[in-house]
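Here's a quick briefing for anyone meeting this structure for the first time. Take a look at the model, then read on.

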Amino acid sequence: MKTLERTLSIIKPDAMKKPGATGDIISMLEQKGFRIIGAKMLEINKAQAEGFYAVHAGKPFFDSLTNFMSSGPIMVLALEKENAIADLRELMGATNPANAKEGTIRKKWAANIEKNAIHGSDAEDTARFELSYFFAGYELAR
Ligand code: CMP
């Protein structure tokens with residue numbers, strides 16, 4: 001029996017600013033079989049970005065990353081499909097768009113390693129943490 005998995009994705013401020021990018025990214029997700037079970041557009045402040053990316057605290061890019069993530073609207077998406085965590089990371093492409101394969105979201109929409117258009121949880125435990133960071137259980141579709 002195959003089991004459904006959930007993951008958290010964020011369309012980042014750089015992509016949210018590009019005409020056509022948000023809709024295209026959502027369409028790419030749906031075409032790959034992801035079911036959107038939660039979605040909201042919001043702006044987070046610096047402290048909220050630091051809380052979300054706490055695992056990266058102390059890294060040289062942490063301050064710049066959290067400034068960027070609190071610089072404008074983002075869209076957070078709760079996604080469901082079989083193998084959702086790994087499949088989303090494959091569809092996103094490499095963190096650095098210079099290394100991203102053709103057909104991936106970052107190849108198409110990302111500018112650089114920081115302004116890289118989209119985030120996706122990297123493992124089951126981080127997916128649980130990240131989903132609960134932005135969504136209460138009652139906000140997710142059945
Ligand atoms: P994301 O998948 O959201 O996870 C952490 C983010 O940190 C990553 O995407 C990039 O936006 C950013 N990041 C990772 N490595 C670097 C780096 N070397 N320089 C700048 N930003 C980075």
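How many nonpolar, polar and charged residues are in the lining of the largest pocket? The lining has seven nonpolar, seven polar and six charged residues, with Ala, Val, Leu, Ile, Met, Phe, Trp, Tyr, Cys and Pro counted as nonpolar, Asp, Glu, Lys and Arg as charged, and the others, Gly among them, as polar. Keep in mind that this is a predicted model, where local features need pLDDT of at least 70, side-chain atom pairs count only at pLDDT 80 or more, and totals for chains, interfaces and linings use all residues. Residues are numbered from 1 along each chain as its sequence is written, and side-chain values use heavy atoms, leaving out hydrogens and water.

**The ligand's surroundings**
- Around the ligand (a heavy atom within 4 Å) you'll find Lys12, Tyr53, His56, Phe61, Leu65, Thr95, Arg106, Ile113, Glu114, Asn116 and His119.
- That shell splits into four nonpolar, four polar and three charged residues.

**Polar contacts (N or O atoms within 3.5 Å)**
- Tyr53 brings a polar side-chain atom to 2.6 Å from a ligand oxygen atom.
- For Arg106, an N or O atom in the side chain is 3.3 Å from an oxygen atom of the ligand.
- Glu114 takes part through its backbone, with an N or O atom lying 3.1 Å from a ligand oxygen atom.

Technical notes
A polar contact is a pair of N or O atoms within 3.5 Å; within protein, one must be able to donate a hydrogen and the other to accept it, and residues adjacent in sequence count only if both atoms are side-chain atoms.
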